[in-house]
Amino acid sequence: MSLAADFEALYGTAPDGLWAAPGRVNLIGEYTDFNDGFVLPLALPHTTVAAVSRRDDGVLRLHSADVDGGIVQLDVAGLEPPPGGDGGWAAYPAGVVWALREAGHPVAGADVHLASTVPTGAGLSSSAALEVVTALALNDLFGLGLSRPGLARLAQRAENAFVGVPCGVMDQMASACAEEGHVLHLDTRDLSYRQVPFDLAGEGLRLLVVDTRVKHALGDGAYAERRAGCEAGARALGVRTLREVSAAHLPEALDRLSDGTIRRYVRHVVSDNARVERTIALLDAGAPRAVGAVLTEGHASLRDDLRVSCPELDLVVEAANAAGALGARMTGGGFGGSAVVLVETGRSEEVSAAVGKAFAEAGYATPGIFPAVPSAGARRL
Ligand code: ADP
Ligand code: MG
């Protein structure tokens, strides 16, 4: 059955409309977005699609085809961040309604039914897709007139303050603002961005996403710890954020830091910002193959300096590069989730097979491998 038909079966009437928002992968620029830095994500063809109708009676009804359980019914006026961040999946769309209302937008209720092809928990941002599709639908149905970056900011606020996940703004911006055939060069300091052409197919290249299918519990506190470490580094250097430290001034900045851990974190953030700039320069110069080496260098920094990789992610990079990939790195928060591999289209099968074989030999689960085709951002269908 179609999503619209499922909506009608659930709620008794046809939806007002259908909206879609994609998941994303980040090409490079990791753990930079909470340091006011640069990121370079692209939207995936995988989307979360929502059928939504406006309501004006204060009732919010939520249903997901991907979750067992019935309709979640909430009262919009009574929405409060759930204690202990334990609101289940419905906290993501409910949090968007809450954030919109907190910002003064008159969202008076909705019926929502959704289904997604974005793998959840694979570091491909199914959470941002869910938030952004909800925000865009409500923006249209209530005529709020918010910009794409404005919607992304509110979606981030929903995840930070309502769901209770301290994420940066990259995922929501990628889902809201990406364009087909492009990577999004985003400056997270002011949310300014540029669409950079990334014609993988035309160049005879593929960007493979390798979902390791693992998520290590270690990752839970690590994000907050890295974030606090970066903030401590900025304080020690007398800057507002690590964005203010240029690659040229990195050696001097490192000399001024006595704490070895903070030194490693600062080195990662400053060098990864520079790697985003190098990647852009290579893409603008028509030299996308050279991006591979930058990816692999970025992985080493995440593994050795920030220490957010894991054996499965390291094995993807090692096996892919040994089989002739142009380069590879973990993407997203790490400790599992996914890696990206840049490869000549003609070698893509061989490299995928080599990664699969290495995983089998190591006794790991079979990884999920698919090409990341740079796709459109959120839209009304
Ligand atoms: P990621 O964003 O990397 O996929 P997260 O842990 O940030 O992983 O978000 C995954 C969570 O988002 C799920 O556990 C679920 O609560 C919610 N979610 C995402 N997609 C859906 C969906 N289609 N239906 C219901 N909940 C979803
Ligand atoms: Mg997420």
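I started with where ligand 1 sits: the space it takes is the largest pocket. I note that this is a predicted model.

**The pocket**

I looked up the volume of the largest pocket, and it is about 1100 Å³. I then checked its lining, which has 45 residues. Closest to the pocket centre are Gly123, Ser127, Glu159, Val165 and Lys215. By class, I noted 17 nonpolar, 20 polar and eight charged residues in the lining.

**The shell around ligand 1**

I turned to the ligand itself. I found 16 residues surrounding ligand 1. The closest are Ser64, Asp66, Gly121, Ser126 and Ser127. I sorted the shell by class: seven nonpolar, eight polar and one charged.

Strand S6 (110-116) and helix H3 (126-141) each give at least two shell residues. H3 provides the largest share, three residues.

**Polar contacts**

I went through the side chains that meet ligand 1 with N or O atoms. For aspartate 66, a side-chain N or O atom is 2.7 Å from a nitrogen atom of ligand 1. For serine 126, I read 2.6 Å between a side-chain N or O atom and an oxygen atom of the ligand. Serine 127 places a polar side-chain atom 3.0 Å from an oxygen atom of ligand 1.

Last, I looked up burial. Ligand 1 taken alone exposes 560 Å², and the protein buries 78% of that.

Definitions and conventions
Residues are numbered from 1 along each chain as its sequence is written. Chains are lettered from A and ligands numbered from 1 in the order in which they are written. This is a predicted model: local features need pLDDT of at least 70, side-chain atom pairs count only at pLDDT 80 or more; totals for chains, interfaces and linings use all residues. Side-chain values use heavy atoms; hydrogens and water are left out. A residue is near a molecule or strand if one of its heavy atoms lies within 4 Å of it. A polar contact is a pair of N or O atoms within 3.5 Å; within protein, one must be able to donate a hydrogen and the other to accept it, and residues adjacent in sequence count only if both atoms are side-chain atoms. Accessible areas come from the Shrake-Rupley method with a 1.4 Å probe; for residues, only the protein chains shown count as cover. On a 1 Å grid over the protein atoms alone, a cavity is a set of points where a 1.4 Å probe fits but cannot get out, and a pocket is an open set with protein on both sides within 12 Å along at least five of seven lines; lining residues have an atom within 4 Å of a point. A molecule sits in a cavity or pocket if more than half of its atoms lie within 2 Å of its grid points. Helices (H or I, at least four residues) and strands (E, at least two) are DSSP runs, numbered from the N terminus. Ala, Val, Leu, Ile, Met, Phe, Trp, Tyr, Cys and Pro count as nonpolar, Asp, Glu, Lys and Arg as charged, and the others, Gly among them, as polar. Grid points are joined across faces, edges and corners, and a volume is the space filled by probe spheres set on the points.
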